[in-house]
Amino acid sequence: YDTEQLEEGDATLQSGPLLEDLVWSELSADAIYAMVDSLDEEYRSVFLLKFAYDMSHKEIGKLLGISENNVTVRLHRVKKKLAAMLLERGYAHETVR
């Protein structure tokens with residue numbers, strides 16, 4: 001995994017295996033679905049295609065009619081949004097490594 005630093009206000013989270021382990025061990029499937037379902041369609045679709053269907057940025061772009069770069073931007077934004085949701089729900093501290 002590449003570790004990508006995500007910033008939301010003063011809170012900083014890093015994506016990667018440890019964050020994913022935290023999410024899966026601490027949250028119920030219903031809580032995860034609720035967070036993903038609350039995303040705007042443009043972010044939810046990219047997130048699900050990438051992480052539920054394991055599609056490449058190129059495949060997602062082609063399917064949605066957007067550029068690979070736009071897929072990358074949307075994935076970065078959705079990670080920031082989900083990180084902020086985790087913080088709001090108390091499932092992560094300001095810094096998770």
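Reader: Hi! What covers the buried residues of α3?

Author: Hello! The cover includes α2 (29-37), α4 and α5. Contact here means heavy atoms within 4.5 Å, and helices (H or I, at least four residues) and strands (E, at least two) are DSSP runs numbered from the N terminus. One note on the source: this is a predicted model, where local features need pLDDT of at least 70, side-chain atom pairs count only at pLDDT 80 or more, and totals for chains, interfaces and linings use all residues. Residues are numbered from 1 along each chain as its sequence is written, and side-chain values use heavy atoms, with hydrogens and water left out.

Reader: Thanks. Which residues in α3 are buried?

Author: Y43, R44, S45, V46, F47 and L49 of α3 are buried. Buried means under 20% relative accessible area, exposed over 50%, and partly exposed in between (1.4 Å probe, protein chains only).

Reader: And how do α3 and α5 pack?

Author: Their axes are 9 Å apart and the angle is about 100°. Axes are lines fitted to C-alpha atoms, for helices over the stretch in contact, and angles run from 0 to 180 degrees between N-to-C directions. The two helices α3 and α5 are therefore roughly perpendicular to each other. For the cut-offs, angles under 35 degrees count as roughly parallel, over 145 as roughly antiparallel, 65 to 115 as roughly perpendicular and the rest as oblique.

Reader: Which residues make the contact?

Author: On the α3 side, E42, Y43, V46, F47, K50 and F51 take part. The α5 side brings V71, R74, L75, R77, V78, K79, K81 and L82.

Reader: What about α3 against α4?

Author: Helix α4 (residues 57-64) packs on α3 at about 140°, with the axes 10 Å apart. That angle makes α3 oblique to α4. S45, V46, L49 and K50 of α3 meet H57, I60, L63 and L64 of α4.

Reader: Switching topic: how many aromatic pairs are there?

Author: A search of the whole structure finds one. F47 and F51 form that pair, which is tilted, with 5.0 Å centre to centre and 45° between the planes. Rings of Phe, Tyr and Trp (its six-membered ring) pair if their centres lie within 6.5 Å; planes under 30 degrees apart count as stacked, over 60 as edge-to-face and the rest as tilted.

Reader: Where do F47 and F51 lie?

Author: Both are in helix α3 (residues 41-51), four residues apart, about one turn of the helix. F47 is buried at 17% relative accessible area, whereas F51 counts as partly exposed at 44%.

Reader: Nice. Is D54 buried or exposed?

Author: D54 is exposed, with a relative accessible area of 66%. D54 sits in the loop between α3 and α4, and its phi is near 55°, a positive value in a residue other than glycine.

Reader: Now M85: which residues is it in contact with?

Author: Leaving aside neighbours within four places in sequence, M85 is in contact with M35, S38 and L39. M85 is found in helix α5 (residues 68-88) and counts as buried at 13% relative accessibility.

Reader: Last one: what does the secondary structure of the protein chain come to?

Author: Five helices and two strands, running β-β-α-α-α-α-α from the N terminus. Of the 97 residues in the protein chain, 34% are buried.
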